[in-house]
Amino acid sequence: MKKPTLNIAVTGLNAIDSPGPGVSVIRALREAASFNTRIIGLSYESLEPGIYMHDLVDRTYSIPYPTAGIDLLFERLQYIQEKEKLDVIIPNFDAELYPFIKLEHNLKTMGIHMFLPTLHQFEERNKVNLNDFGKKYGIKVPKSKVIYDLSTVHSLPSEFSFPMIVKGKFYDASIAYSIEQVKSYFNKISAKWGLPVIIQEFIHGTEFNVTGLGDGTGKTIAAVPMRKQYITDKGKAWGGISISDEKMLDMTRKFLRNTKWRGGFELELMKNKDGELYLLEINPRLPAWIYLAVGVGQNIPEVLVNLAMGHTVKPFTEYAVGKMFVRYSWDMIVDREEFEQISMYGEL
Amino acid sequence: MSKQRYERPVIKKLETGMPNKFGTRTEYQPMTNIDGVPVTKLMKEYGSPLFVISEKIIRSTIQKAKKAFRTRYPRVQFAWSYKTNYLNSICSIFHQEGSWAEVVSGFEYDKAISLGVDGKKIIFNGPEKSEEDLTKAIKNDSLIHIDHLDELYTISELAEKFKARPRVAIRVNMDTGVYPIWDRFGFNYENGQAWDAINKIMHSEWMELVGLHCHIGTFMLAPSAYGVAASKLAELALSVEQKFKHKIKYIDMGGGFASKNTLKGAYLPGSDTNPTFDDFAEAISSALLNSNFKHENLPLLILETGRALIDEAGYLLGSVISNKRSSTGRRNTILDIGVNILFTAFWYDHKITPAQEFTNYSEDTCIYGPLCMNIDVIRESASLPLLNKNDHVVIHHVGAYNMTQWMQFIALRPNVVLIDMDGKPHVIRLRETVDNMNSMEKVPAHLKKFNM
Amino acid sequence: MKLKKNVAVSESGLLFNPVTGESFSVNPIGVEILNFLREEKTDEQISEAILGKYNAEKQAFENDYQDFIGVLSHNNLIESHEETNA
């Protein structure tokens with residue numbers, strides 16, 4: 001049978017030192033067995049490396065920041081749709097998920113499919129609600145508190161011991177060892193990502209991640225746990241290895257079963273010295289290291305696209321344990337004319 | 001050949017990490033007319049700055065809100081929150097749409113009466129009601145919402161004096177999981193103050209307890225908090241029924257629903273993320289329907305939402321006075337709109353759009369008002385097209401609080417125009433004049449002359 | 001007033017300064033002015049050309065023009081006098 005060719009738009013082309021998942025997702029799609037692809041990049045800034053990777057990305061369009069509002073994003077996507085006849089969009093940033101979830105219905109009527117968590121799932125897993133989430137689904141989470149203004153910082157030492165983690169609503173996390181540091185991180189993080197800011201108990205231990213895919217009925221379609229081997233000063237994995245840990249897979253299956261999660265995700269886990277597993281965060285999208293999952297036998301982006309297109313899929317049950325990913329950076333040579341095209345016309 | 005529209009020359013550095021022009025087109029879409037009336041025409045006729053209110057938007061908003069609640073709960077009554085906007089024409093529109101009056105001072109009470117509102121349909125809230133105010137309210141059989149014990153005793157004394165039995169409710173404050181808790185108004189639920197006040201009223205022969213009221217906060221973004229509050233009030237009402245065999249007639253959930261404005265510090269625009277009437281209605285109705293009221297005994301649900309009903313209907317039009325550059329090279333734009341008339345600029349990033357067509361070139365601009373005061377900042381940073389002197393701008397979502405909290409400071413307050421359902425503008429509040437202001441002052445004889 | 005020699009302005013409005021490696025975006029009327037500067041037109045000639053084509057008040061344009069030139073020289077895109085004389 002002839003493989004269909006799908007036009008798939010992908011965001012998160014910022015394959016930089018704190019990378020977006022876009023380029024890895026595209027590599028996975030390029031290797032899909034069930035379809036061929038034409039890849040449309042969607043970029044926010046002119047220097048996102050993916051824009052210039054012509055062997056991976058066929059064409060790129062700038063799109064407005066989420067802060068510009070849903071209407072402008074929709075307008076831009078309508079323009080892109082006229083030219084590209086997209087079949088699927090895979091958004092890869094936390095901050096853009098809200099508008100994309102809101103647009104899911106409108107895009108569907110234009111023929112664009114997505115496979116995203118519901119708004120309820122998206123809100124419920126928000127860091128701000130992690131305590132309630134843990135209670136509701138019987139998953140162990142570190143104690144956390146949401147703060148809206150600096151004056152409440154002084155009461156923190158009675159509830160948390162130092163160090164504590166100061167986290168932004170969408171991104172950013174810093175470890176604070178004193179009230180002064182809490183205050184300074186609060187100011188920095190709230191200026192960038194808005195309010196509230198989250199204070200979280202610091203769990204000593206080893207960090208693990210699980211990426212996977214839920215089909216929206218509670219079934220586990222894919223799950224691959226990974227231990228970070230080298231962590232950059234930005235807290236990102238620069239190397240990692242696939243592991244086989246039943247406890248982590250159990251927690252993942254429980255998460256999917258109880259929430260009926262729809263779409264890709266990444267769980268951030270911490271294992272303390274007693275072997276207890278804490279869920280630190282649920283990222284409602286695929287991680288930048290998603291290509292490791294492909295490498296160990298689970299092409300999650302491919303299956304996600306098939307789910308989005310309404311096909312029935314077979315859950316993955318196996319993966320290769322002990323495979324590593326080692327990230328590297330690569331200097332591309334780019335003509336200024338290309339930078340000009342994307343900067344001035346928003347298309348390349 | 002006619003000349004092309006002039007746009008000032010602009011050059012800006014492309015910096016990495018800086019959004020390109022597709023990134024920040026936010027506020028470009030010009031708004032050239034309001035309900036079909038050209039902005040330039042409005043400003044030519046009524047001056048600049050100018051408040052413009054759309055009757056069409058007010059009516060469609062209140063109808064949307066009523067529909068959201070009535071499809072979910074059988075008995076609903078709105079009461080217009082006077083403090084949000086008490087221009088007579090605005091109150092009258094809400095009264096025409098069936099809203100009662102919700103007032104929080106003797107001044108607002110008198111305003112409602114003078115508009116012809118039936119005293120029985122006035123809800124009298126707030127911590128300050130003088131004996132004179134309470135006497136009026138008792139004689140008119142208005143609904144008095146008691147804020148504290150001193151007021152409870154005063155009402156009791158007055159009722160006895162006039163041999164009346166006023167209809168009262170108490171305001172209850174509580175923990176709904178949202179902070180800060182507004183515990184300065186009313187009686188606390190968790191520590192038993194509210195139950196104590198209820199018992200005092202129920203044991204008095206001089207008052208009839210008809211309702212329970214709460215107002216949990218302002219610009220609330222969590223509908224779930226209303227669900228918690230409604231459950232707690234329902235529980236109180238059912239306790240009263242059980243202990244005294246007395247049915248509470250209504251539950252007043254107050255207001256505080258967020259409008260579509262964007263709070264300072266929010267990442268995504270409020271128009272995308274803030275809850276809708278349906279979200280609030282769902283939380284409140286479910287809580288009441290799921291409580292233990294028998295269907296035939298469901299209390300009337302009263303809502304006093306103000307901001308969410310009027311914010312979107314109000315526009316503030318203004319003109320560019322000048323463009324400057326700060327010592328650091330940053331673009332500053334001075335408008336003739338100051339914080340004295342746009343009080344809400346202190347907590348919102350108001351959406352500002354040009355009132356004429358522009359190319360899609362923009363500059364990051366700090367927008368100042370005209371006052372000779374450092375605090376007069378309308379937006380710390382907005383990405384706007386290249387505005388020229390005398391160009392017009394439209395500031396959106398200004399209908400709530402600005403026309404009540406405004407002050408006559410440095411400049412006089414401008415005209416307020418209402419555009420009716422047929423697109424016809426009417427001045428509903430005249431711009432102030434120096435004579436208006438001077439007419440309230442008295443100068444002692446010895447200060448009437450001076451030689452300089 | 002003269003634009004630095006090797007500063008390139010493309011039709012799209014992208015200005016590239018090869019000496020510093022900086023890029024700028026310029027709006028169409030800005031591009032016109034840059035081209036006039038390259039042709040070494042005087043301020044008066046530029047003002048006349050712009051006012052002839054666009055609907056602008058003389059005073060307003062001249063203020064904007066001075067501001068524009070200010071930004072150009074702030075970013076070292078204009079030949080300084082010493083360089084011009086040399």
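**Rings up close**

At 1% relative accessibility, B:Phe257 counts as buried (buried means under 20% relative accessible area, exposed over 50% and partly exposed in between, with a 1.4 Å probe and protein chains only). This is a predicted model, where local features need pLDDT of at least 70, side-chain atom pairs count only at pLDDT 80 or more, and totals for chains, interfaces and linings use all residues. Residues are numbered from 1 along each chain as its sequence is written, chains are lettered from A and ligands numbered from 1 in the order in which they are written, and side-chain values use heavy atoms, leaving out hydrogens and water.

**View 1. A:Phe133 and A:Phe255 form a tilted aromatic pair.** Their centres are 6.3 Å apart, with 50° between the planes (rings of Phe, Tyr and Trp, its six-membered ring, pair if their centres lie within 6.5 Å; planes under 30 degrees apart count as stacked, over 60 as edge-to-face and the rest as tilted). A:Phe133 belongs to helix H5 (residues 130-137) of chain A and A:Phe255 to helix H7 (residues 246-259) of chain A, so the pair ties together parts 122 residues apart in sequence (helices, H or I, of at least four residues and strands, E, of at least two are DSSP runs, numbered from the N terminus). Both A:Phe133 and A:Phe255 are buried.

View 2. B:Tyr226 is buried, with a relative accessible area of 0%.

**View 3. A:Arg27 places its charged end over the ring of A:Tyr291.** The distance to the ring centre is 3.8 Å (a charge sits over a ring if NZ of Lys or CZ of Arg is within 6 Å of the ring centre and within 35 degrees of the ring normal).
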